[in-house]
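Dear colleague,

I am passing on to you the structure we discussed, with the sequence alongside it. Please have it open while you read the notes below.

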Amino acid sequence: MIKAIGVSFKENGKVYHFSPNEQTFEVGEKVIVETERGTQIGIIKTEEYEMSEEALKSPLSNILKAATDKDLARFEENKEKAKEALDKCRELIEKNNLNMYVIDASFTLDRKQLFIRFMADERVDFRNLAKDLANIYKTRIELRQIGVRDKAKRIGGIGPCGLFLCCNTFLIDFNSVSINMAKNQNLSLNPTKINGVCGRLLCCLKYENDNYTEYKKD
């Protein structure tokens with residue numbers, strides 16, 4: 001068994017396992033962590049716990065230290081720089097006549113990488129775009145295509161229930177949802193009734209499906 005702490009990079013984002021590296025942290029504390037993308041600021045989401053080493057796909061990365069005021073100032077500065085990069089990226093997309101829509105951009109804390117997420121109806125050759133951005137910002141550029149559900153999670157909105165979107169408030173991962181779940185609950189199969197703002201089946205179709213399945217056994 002090894003010691004681990006849950007860390008998230010967004011308020012309602014996925015929780016990842018990190019090694020406390022023989023340090024003590026409190027839930028809600030902001031820390032500097034090592035990731036594949038470089039150093040980033042994360043938020044402690046859990047108390048220290050133990051987990052089986054066999055359950056890990058790769059060794060745990062370390063929590064380097066608690067974030068200082070200087071680190072937090074750098075983080076806020078990076079967010080402003082990322083907004084500028086987002087505008088420049090959109091400008092270059094229009095200039096190169098690329099059929100893609102940029103969602104957001106972010107720098108790692110050390111600014112060794114600029115990460116950009118976008119949507120597109122088909123595969124896009126963005127190699128020249130990446131080269132132009134790399135020449136401007138002198139850092140590694142990573143562009144990643146995302147789907148409509150990821151966009152809804154990022155932007156947010158109001159669902160047909162009148163509440164804020166589940167994906168934007170508390171859902172960490174997207175569970176598999178099928179049309180059979182709507183049939184199982186005797187719901188109208190009208191797309192306007194069972195599709196969310198993203199155009200995909202409502203995530204909440206899964207919430208009560210197990211209960212309906214159990215009740216129908218009798």
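**A residue in strand β4**

Q40 is a residue of strand β4, which covers residues 38-44; please keep in mind throughout that the model is predicted. With a relative accessible area of 14%, Q40 falls under the 20% cut-off and therefore counts as buried. Its side chain makes a polar contact with the side chain of T35, at 3.1 Å. When neighbours within four places in sequence are set aside, the residues in contact with Q40 are F9, V31, I32, V33, T35, T108 and L109.

**Two packed helices**

Helix α1 (residues 69-95) packs with helix α2 (residues 127-137) at an angle of about 140 degrees, and their axes are 11 Å apart. The crossing of α1 and α2 is right-handed. On the α1 side the contact is formed by E84, A85, K88, C89, L92 and I93, which meet L129, D132, L133, I136 and Y137 of α2. Sorted by class, this contact between α1 and α2 has 8 nonpolar and 3 charged residues, with no polar ones.

**The chain as a whole**

The secondary structure of the protein chain comes to 7 helices and 9 strands, and its C-alpha atoms fill a box of roughly 60 × 50 × 30 Å along the principal axes. The chain has 218 residues, of which 34% count as buried. Among contacts with a separation of 6 or more, 62% are between residues 24 or more positions apart.

Technical notes. Residues numbered from 1 in each chain as written. Predicted model: local features only at pLDDT ≥ 70, side-chain atom pairs only at ≥ 80, totals over all residues. Heavy atoms only, no water. Axes fitted to C-alpha atoms, helices over the stretch in contact; angles between N-to-C directions. Helix = DSSP H or I, 4+ residues; strand = E, 2+ residues; numbered from the N terminus. Left-handed = near helix turned anticlockwise from the far one by under 90°. Contact = heavy atoms within 4.5 Å. Nonpolar A, V, L, I, M, F, W, Y, C, P; charged D, E, K, R; others polar. Buried < 20%, exposed > 50% of the residue type's maximum accessible area, 1.4 Å probe, protein only. Polar contact = N/O pair within 3.5 Å; in protein donor to acceptor, adjacent residues only side chain to side chain.
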